[in-house]
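Q: Hey, can you walk me through this one? I'd like to take it a piece at a time.
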Amino acid sequence: MNRLPQPGTTVAPKACPFCRSPDVKTTSKDVNVSTYWRCLACGQIWNADRLQRGGRTQTYRY
Ligand SMILES: [Zn+2]
């Protein structure tokens, strides 16, 4: 776990935007607006770009 913050591009969420659980982790090595995040509590997967467009949320299952 040596994820370094990158000012300007880092959009790492502190909590799940859906259930507010802090148990979120990324599925990607790079952290940017298109990085997908997964909530370990509710199972939602999202990225910052999708959130900013507002409204539509989609659940991806692997
Ligand atoms: Zn959640």
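Q: Where does Phe-18 sit in the chain?
A: This is a predicted model, to be clear from the start. In it, Phe-18 is in the segment before β1, and that strand covers 24-26.

Q: How is Phe-18 classed, and why?
A: Phe-18 counts as partly exposed because it has 15 C-beta neighbours inside 10 Å.

Q: Which residues does Phe-18 touch?
A: Leaving out residues up to four places away in sequence, Phe-18 touches Cys-39, Cys-42 and Gln-44. Also, the C-alpha atoms of Phe-18 and Ile-45 are separated by 9.9 Å, and those two are 27 residues apart along the chain.

Q: Cys-39 came up there. What is Cys-39 in contact with?
A: Setting aside neighbours within four places in sequence, Cys-39 is in contact with Cys-16, Phe-18, Cys-19, Ser-21, Asp-23, Val-24 and Gln-44. Cys-39 also belongs to the largest nonpolar core, together with Cys-16, Val-24, Trp-37 and Trp-46.

Q: Why would residues like that be buried together?
A: In soluble globular proteins, nonpolar side chains tend to end up buried together. Here the largest nonpolar core has 5 residues, and buried residues make up 10% of the 62 residues in the chain.

Q: OK, zooming out. How many helices and strands are there?
A: There are 1 helix and 3 strands. Read along the sequence, the pattern goes β-β-β-α.

Q: What do the strands form?
A: The 3 strands make an open sheet, ordered β1-β2-β3, with antiparallel pairing. The edge strands are β1 and β3 (45-47), each pairing on one side only. From one strand to the next, the twist averages 35°.

Q: What holds paired strands together in general?
A: Strands of a sheet pair through backbone hydrogen bonds, either parallel or antiparallel.

Q: And how many bridges are there between β1 and β2?
A: β1 and β2 (residues 36-39) pair over 3 bridges, in the antiparallel sense.

Q: What about β2 and β3, how many bridges join them?
A: 3 bridges join β2 to β3, and the two run antiparallel. Trp-37 has Trp-46 in β3 as its bridge partner. β2 and β3 form a hairpin with 5 residues between them, and Gly-43 in the turn has a positive phi of about 85°.

Q: Which residues are on the covered face of β2, and which on the uncovered one?
A: Trp-37 and Cys-39 are on the covered face, while Tyr-36 and Arg-38 are on the uncovered one. As a general point, side chains in a regular strand alternate between the two faces of the sheet.

Q: Changing topic: where is Leu-51?
A: Leu-51 lies in helix α1, residues 48-53.

Q: Is Leu-51 buried, exposed or partly exposed, and why?
A: Leu-51 is partly exposed, because 17 other C-beta atoms are within 10 Å.

Q: Last one: what does Leu-51 contact?
A: Ignoring neighbours within four places in sequence, Leu-51 is in contact with Pro-17 and Trp-46.

Notes
Residues are numbered from 1 along each chain as its sequence is written. This is a predicted model: local features need pLDDT of at least 70, side-chain atom pairs count only at pLDDT 80 or more; totals for chains, interfaces and linings use all residues. Helices (H or I, at least four residues) and strands (E, at least two) are DSSP runs, numbered from the N terminus. A residue is buried if 20 or more other C-beta atoms lie within 10 Å of its own, exposed if 12 or fewer, and partly exposed in between; C-beta atoms are placed from the backbone. Two residues are in contact if their C-beta atoms, placed from the backbone, lie within 7 Å. Two strands pair if DSSP finds at least two bridges between them. Axes are lines fitted to C-alpha atoms, for helices over the stretch in contact, and angles run from 0 to 180 degrees between N-to-C directions. A nonpolar core is a set of buried Ala, Val, Leu, Ile, Met, Phe, Trp, Tyr and Cys residues joined through C-beta atoms within 7 Å.
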